[in-house]
Amino acid sequence: MTSSGNSSFNHPMNCSEKKPIEIYMFIDPLCPECWALEPILKKLQIEYGRYFSIKHVLSGRLANLNLSKKKSYEHIAGVWEKTASRSGMSCDGNLWFENPVASPYVVSIALKAAELQGRRAGIRFLRKLQEVLFLDKKNISNFEVLKDCARNLGLDVEEFISDIHSESAAKAFQCDLKITAEMDVQEIPTLVFFNEHAEDEGIKITGTYPYEIYVQILEEMLSEQPVQSPPPPLEAFVKFFKFVASKEIAVVYNMSISQVEREMKKLLLKQIVEQIPAKYGTFWRYINQ
């Protein structure tokens, strides 16, 4: 495995042409299981991204939680810690004792406001929210935290603030809740795969599964055998995503965590990345050259 080579690549998610499969991904920004799915999603998008597009749908499942009781905080913190140690995607349950999220509803509306600046903006904003929540332990329903996230991503902050208070964002969230009810989604994350033949039933998959299962579903739904794309050079991967976990690199490149650390140390020495230790595992931030 080498980290040299061309340091840019055209990520399949950036392609605008119509794809044969659409995946509805039902998520909640506060859900650690959705965060734990990130490595698998990255691998799927890199290897088979030309065949599908993803539509994120906010399920509102966690927005319905009564988050005011101490007991429910303890429960959520415990789930976070378990998910982090099992999945390798760090999330710190102490947030719920130190700086709990006051309003999951506000978080959902903010995500819809970001999406109004484009699908790609919405995806990047969701990822930023997850990083700030799970790693930095910030209350992502705080207005200043939300504005910082938008600013860091280069979104139009004034437009974002205005959209948070708009009917458009509220309607978009209500639309997501309606889709969640219509598709009978009871649990998150849930992925529903649809192909271009409207008469065919979608395939619903709830929870997280080994990578091969998702590939198998794609193969079943396509009328052709999908061709697997190789991952880009490691430096290009980090440059594109800006902030990645060792676990994400390990899954995408079929490497052990120790192999990942060894490769990333080379980039660290070249001052291409900085190392960000987390409660579970390590993250790497690309340094803008």
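This is a predicted model: local features need pLDDT of at least 70, side-chain atom pairs count only at pLDDT 80 or more; totals for chains, interfaces and linings use all residues.
Leaving aside neighbours within four places in sequence, which residues is Glu47 in contact with?

Figure 1. Glu47 belongs to helix H2, which covers residues 38–48. Apart from its neighbours within four places in sequence, Glu47 is in contact with Tyr211, Val227, Gln228, Ser229 and Val252. With one of these residues, Gln228, there is also a polar contact, made between the two side chains at 3.1 Å. Glu47 counts as buried because its relative accessibility is 5%, and the limit for a buried residue is under 20%.

**Figure 2. The protein as a whole, as context for the close-up views.** The protein has 13 helices and seven strands. Of its 289 residues, 53% are buried. The accessible surface amounts to about 13,600 Å², and carbon and sulfur atoms account for 50% of that surface. When contacts between residues at least 6 apart in sequence are considered, 71% join residues at least 24 apart.

**Figure 3. The open sheet of strands E5, E7 and E6.** Strands of a sheet pair through backbone hydrogen bonds, either parallel or antiparallel. Here three strands form an open sheet in the order E5-E7-E6, with antiparallel pairing. Strand E5 (243–245) and strand E6 (273–277) are at the edges and have a single partner strand each, so one side of each is left without a neighbour in the sheet. On average, and with direction ignored, neighbouring strands of this sheet are turned by 25° against each other. Strand E7 comprises residues 282–286, and three bridges join E5 to E7. Within this pairing, Val244 has Trp284 in E7 as its bridge partner. Helix H11, residues 234–241, packs on the sheet and touches E5, E6 and E7. The direction of helix H11 makes about 120° with that of E5.

Figure 4. Strand E3 consists of residues 190–195 and is mostly covered, with five of its six residues buried. Strand E1 (residues 21–27) is joined to E3 by six bridges, and the two run antiparallel. Met25 has Leu191 in E3 as its bridge partner. Four bridges join E3 to strand E4 (residues 203–206), again in an antiparallel arrangement. For Thr190, the bridge partner in E4 is Thr206.

**Figure 5. The ring pair of Phe125 and Phe160.** A pair of aromatic rings is described by the distance of the centres and the angle of the planes. The structure holds 12 aromatic pairs. In the pair shown, the ring centres of Phe125 and Phe160 are 5.2 Å apart and the planes stand at 55°, so the pair is tilted. The pair links distant parts of the chain, 35 residues apart: Phe125 lies in helix H6 (residues 119–134) and Phe160 in helix H8 (residues 157–164). Both phenylalanines, Phe125 and Phe160, are buried.

**Figure 6. A cluster of aromatic rings.** Ring pairs link seven residues named here into a cluster: Trp35, Tyr73, Trp80, Trp96, Phe134, Phe243 and Phe283.

Figure 7. Most residues other than glycine have a negative phi, and most peptide bonds are trans. The peptide bond from Ile188 to Pro189 is cis, and its omega is near -5°. Pro189 is placed in the loop between helix H9 (167–182) and E3. Lys137, found in the loop between H6 and helix H7 (143–152), has a positive phi near 55°. This lysine, Lys137, is partly exposed, with a relative accessible area of 21%. Gln271 also has a positive phi, near 60°, and its place is in the loop between helix H13 (257–269) and E6. Gln271 counts as exposed because its relative accessibility is 60%, and exposed residues are those over 50%.

Conventions: Residues are numbered from 1 along each chain as its sequence is written. Side-chain values use heavy atoms; hydrogens and water are left out. Two strands pair if DSSP finds at least two bridges between them. Axes are lines fitted to C-alpha atoms, for helices over the stretch in contact, and angles run from 0 to 180 degrees between N-to-C directions. Contact means heavy atoms within 4.5 Å. Buried means under 20% relative accessible area, exposed over 50%, partly exposed in between (1.4 Å probe, protein chains only). Accessible areas come from the Shrake-Rupley method with a 1.4 Å probe; for residues, only the protein chains shown count as cover. A polar contact is a pair of N or O atoms within 3.5 Å; within protein, one must be able to donate a hydrogen and the other to accept it, and residues adjacent in sequence count only if both atoms are side-chain atoms. Rings of Phe, Tyr and Trp (its six-membered ring) pair if their centres lie within 6.5 Å; planes under 30 degrees apart count as stacked, over 60 as edge-to-face and the rest as tilted.
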